[in-house]
Amino acid sequence: MILRMKRLFILQLLVLLSLAVLAQFTQTGRVEYKSMPSKILNEDREYSIYLPAGYEHNSEKEYPILYLLHGGGGSHTDWPERGHVGDVANQLIASKEAAEMIIVCPEAGKTFMNYFNSPDWRYEDYFFEEMIPFIESNYRIITDKRHRAIAGLSMGGQGTIVYASHHPELFCAAYAMSAYLYSMDLPFIDPDDPAMRKLQNLVEENNCIKYLENASDDKIEDLKTVAWFIDCGDDDFTFPLNMEYVAEMQNRQIPYQLRVRDGGHTWEYWHSALYIALPFLSDIIREN
């Protein structure tokens, strides 16, 4: 009887140990949906945030940060729900292809769809003066250039390039997907819509090719401190714009990486881009 009870106890102990080990290896990161106040925009602003698996279990560890921007007409839920960034990050981190990092997706689709400043909509000021300080003081983040990166698609691809160009001292890397780099006449854009005209004017005011053409030699040297990656599908309507931008980068002798893959302006393309973007950004962070 005693021997049987000992065997049962040992069996139960082994089961518990096995469950503990299994739990350790099946922990995954999670996406949360949050909001923060903004005095600049005079409203609360939503964001989504991916926290890696170890975030809860090691209260001392700090993490690199990626700001991941959605496209025009989208929201802070796009990357988690349509791009499945949490699943991709979990997979790549588990396989060691990507570093553990925190990923923040801002909301730039409500009220007025744009990442840039206008007299009545200072979104870029909000991003740098309020959002980055808020995120990096409320989460355990390594708050230096070497561990901060930015990426985005379409309008967010332009935002990525503009933000990293305006503040190269803040970002170690910038990954632009299908970037909408200046205003175009497109069939789905209504030129008679006042809000759309305002949006397109702001896009053109932040024309990325003109910015490079007019940049001083000192600014060009600053831009060389950022690891640039341009990713665009060969069937994408932004493909000619991205090739113009790459040509100007070559002209100004700014190092970059370029990927042209089969695909268009679709979530299938941007989801697959994450499998390139997160390892690329991780390699830059690890090198630092």
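A: Let's start with a term: contact here means heavy atoms within 4.5 Å. Helices (H or I, at least four residues) and strands (E, at least two) are DSSP runs, numbered from the N terminus. Keep in mind that this is a predicted model, where local features need pLDDT of at least 70, side-chain atom pairs count only at pLDDT 80 or more, and totals for chains, interfaces and linings use all residues. Residues are numbered from 1 along each chain as its sequence is written, and side-chain values use heavy atoms, with hydrogens and water left out.

The part to look at is helix H9, residues 239–251. The expected span of a helix is 1.5 Å times one less than its number of residues.

Now for its surroundings. Buried means under 20% relative accessible area, exposed over 50%, and partly exposed in between (1.4 Å probe, protein chains only). In H9, the buried residues are Leu-241, Asn-242, Tyr-245, Val-246, Glu-248 and Met-249. Looking down the axis of H9, these buried residues fall within an arc of 160 degrees, so they line one face of the helix; the arc is that of the directions from the helix axis to the C-beta atoms. Their cover includes helices H5 (155–166) and H7 (208–214), plus strands S9 (227–233) and S10 (257–261). On the other side of H9, Gln-250 and Asn-251 are exposed. After H9 comes Gln-253, with a positive phi near 60 degrees.

On to the rings. Rings of Phe, Tyr and Trp (its six-membered ring) pair if their centres lie within 6.5 Å; planes under 30 degrees apart count as stacked, over 60 as edge-to-face and the rest as tilted. The structure holds 18 such aromatic pairs. One of them is Tyr-47 with Phe-134, edge-to-face at 6.3 Å centre to centre and 70 degrees between the planes. Because Tyr-47 lies in strand S2 (residues 45–51) and Phe-134 in helix H4 (residues 123–138), the pair ties together parts 87 residues apart in sequence.

Strand S9, part of the cover over H9, brings in another pair. Phe-229 counts as buried, at 1% relative accessibility, and so does Phe-280, at 10%. Their ring centres are 4.8 Å apart with planes at 70 degrees, so this pair is edge-to-face. It links distant parts of the chain, with Phe-229 in S9 and Phe-280 in helix H10 (residues 267–287), 51 residues apart.
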